[in-house]
Amino acid sequence: MTGERASPAGTVSGAGLVIRRVTKVFDAAGSQAVRAVDDLSLEIGENEFFTLLGPSGCGKTTLLRMIAGLEQPTSGEVLLDGDPLQGLPPYRRPINTVFQSYALFPHMSVGENVAFGLKMRGLDSAVIARKVEEVLALVRLEGLAERRPAQLSGGQQQRVALARALANEPKILLLDEPLSALDLKLRKQMRLELKRLQKATGITFIFVTHDQEEALIMSDRVAVLSEGRVLQLGPPEEIYQRPRSRFVADFIGDTNIILGRPKDAERLVLGGTAELRFAAPVLPSDGQDQALSVAIRPESCRLVNGAAYDDLANVFEGRVREIEYLGADTCVLLDVEALGASITVRLRNTEGAAVPPQEGETVRVSLPAAALWVLEP
Amino acid sequence: MTGPARLSRSGIALALGPALVVVGLFLVVPLLLVPIASFMEANPWGGVRPTFSVEAYVQVLFEEDFTGELIFNDAYPRIVLRSLALAALTTALCLLAGFPVAYVIALQPKSRQGILLLLVTVPFWTNLLIRTYSWIMILRDEGLINNGLEAAGVIEEPLRLLYTNGAIAIGLVYTFLPFMVLPIYAAIERIDRGLIEAAHDLYANRRAMLRHVVLPLARPGIAAGAILVFVPALGSFIAPALLGGGKHLMIGNLIQAQFGASRNWPFGSAMSLILLAAVLAVLLWQAQRRRSGAWQP
């Protein structure tokens, strides 16, 4: 369940951030104690864009605050390059944060805000001035150093917050949902910008978000969190294409989920006589009576006509319940009796593509065996 | 569409009318009577005689000797200066004592803040005269402090605590401390907790964070508190009368005496105007400094 499993994007030994069996319990007076982070372990490599993804209340912000030193773990430890951070106040950690609300100092100019960390570390004023100019250029805010934060747009304030943190050249930059206050267009632009900054600076970014799209676009690796635990850890492609559990599958993208019982290692019985074929022996051979969830992405499903298909095509008849036009795509929602489930099929609206069916029409849908995978119970 | 209710012109007049009448009758008119009275002659049996005279103002700086010649007398200027100094000292001490209290209260959980603020206002529940009088019990030769120190063997002879400038300052600080705590609390309470965390995140320890973030952002509260303490402290007369023992007068005592035992209304009026001018001068000076951004608490 945790980061102990080797991961393609780089598992680490020693260097980077190690979170080892960290638990955080909040004692709320008068109500039950909340276990915000529950025995969580992670290893985050150097120069990695790492995303903590999860719904609100999953513990991702608490975890970030413990890395920053703004909260202390109830148990477990956080190590940076092999050294424990335990007991170090935030101002002694080579880690900086971009806060969700930006937390820019309203009584200071943009330049003074960016210079703050450098000044606190007692750097020479000439060095500070040069660094401030350099970082403001990096976030494309040249010439705004004299302004007050209140005179800037939300997007500009966001860049100031970034510049203020990056100026210190931290080992790790923590970003707590920094894009959530921006409008959609700006958010899309900032995603690329953040990715560019991470590459340009070589600093490890730990990014917290509840937006799966953000996580998929920017990250080298994503950890999906729920109820204080890591449900899945891996590169975005793996997380999207093969979510291990129902929770992850539902949280990231749209997923069709089909219930059944295994007949043998390659076949699933779906109530009655209908069978779902797999391309490889992936089903557990023991416990034949155990109900299993099988998933397939809507874009992997196909509408087919004609007759000749092999068993691996898994063709079923379904009735069109709803058509949803999305611009680039059209989603067709089918009631498939044989599967005992509704299946969404996502069709590309390319030039010359088949005309989507009408509501109420009966069509044939194929669930290719290679695109099916089994979810953990 | 339903907008916010707007008052017509007559509605505004109706709403503000009673307050304007009260302010006009009981503030503006008496305030105009003061300068008029100051340019009249004193009536030895009280009140004024309607004869123009600058006698009251001359009396502030000079006295007549036996030959009728005017010679400089520094008694009254010294009282004015002592009042200014005591009020400034009171303001500084209230700030030193009040800021930490306000900061600690502002950082408490919301539910506890209410209780602590209530405790700050507890002194107001009793009459000021009684509260100041009780300081006599604490400070006098046979009082709490002297008896305690003597019993502990620290001193043999009682210390002279009562009827000193120090006693007046203690009384003033005690009286006006809540006026400093409350506005500073309000200012700190409004500061986004995220800014404090951001300062820590950016390598500021607690002291640097207080100096660079909390103090500058609490400045409006500090300015308000300083005015709320300095102005009434300058004109106060209960603390100097009771704790200064008549030897250490402040402007307030002087003015009060002119309308009481001394029966010199023009002189009392003149001193009132001097007090008013001193307060206005301090306020203008502060506003000026704040506008230029150089204002320091």
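The model is predicted: local features need pLDDT of at least 70, side-chain atom pairs count only at pLDDT 80 or more, and totals for chains, interfaces and linings use all residues. Residues are numbered from 1 along each chain as its sequence is written, chains are lettered from A and ligands numbered from 1 in the order in which they are written, and side-chain values use heavy atoms, with hydrogens and water left out. Helices (H or I, at least four residues) and strands (E, at least two) are DSSP runs numbered from the N terminus. Two strands pair if DSSP finds at least two bridges between them.

**Six-stranded sheet**

- In chain A, six strands form an open sheet with mixed pairing, in the order β6-β7-β8-β3-β9-β10.
- Its edge strands, each pairing on one side only, are β6 (95–98) and β10 (229–234) of chain A.
- From one strand to the next, the twist averages 20 degrees; axes are lines fitted to C-alpha atoms, for helices over the stretch in contact, and angles run from 0 to 180 degrees between N-to-C directions.
- Within this sheet, β3 (residues 49–53) and β9 (residues 221–226) of chain A are parallel and share four bridges.
- T51(A) stands opposite V222(A) of β9(A).

- A second open sheet in chain A has five strands in the order β15-β19-β16-β17-β18, paired antiparallel.
- β15 and β18 of chain A are the edge strands, each pairing on one side only.
- Neighbouring strands here are turned by 50 degrees against each other on average, direction ignored.
- β17 (residues 329–336) of chain A runs antiparallel to β18(A), with eight bridges between them; T330(A) has L347(A) in β18(A) as its bridge partner.
- L347(A) is also among the residues nearest the centre of the largest pocket, together with L303(A), A354(A), V355(A) and P356(A).
- The pocket holds about 360 Å³ of space and is lined by 15 residues. On a 1 Å grid over the protein atoms alone, a pocket is an open set of points with protein on both sides within 12 Å along at least five of seven lines, and lining residues have an atom within 4 Å of a point.
- β15 (302–304), β18 (341–348) and β19 (362–366) of chain A each supply at least two residues of this lining.
- By class, the pocket lining has nine nonpolar, three polar and three charged residues (Ala, Val, Leu, Ile, Met, Phe, Trp, Tyr, Cys and Pro count as nonpolar, Asp, Glu, Lys and Arg as charged, and the others, Gly among them, as polar).

- β1 (residues 17–26) and β4 (residues 75–80) of chain A run antiparallel and are joined by five bridges, with I19(A) opposite V78(A).
- β4(A) is also antiparallel to β5 (residues 83–84) of chain A, through two bridges; L80(A) has D83(A) as its bridge partner.
- The hairpin of β4(A) and β5(A) has two residues between the strands, and D81(A) there takes a positive phi near 50 degrees.
- V78(A) also lines the largest cavity, with M66(A), Q72(A), P73(A), E77(A), L85(A), Q86(A) and R93(A).
- This cavity (a set of grid points where a 1.4 Å probe fits but cannot get out) has a volume of about 40 Å³, volume being the space filled by probe spheres set on points joined across faces, edges and corners.
- Its lining divides into four nonpolar, two polar and two charged residues.

**Helix crossing in chain B**

- The axes of α1 (residues 9–38) and α13 (residues 265–291) of chain B come within 7 Å and cross at roughly 120 degrees.
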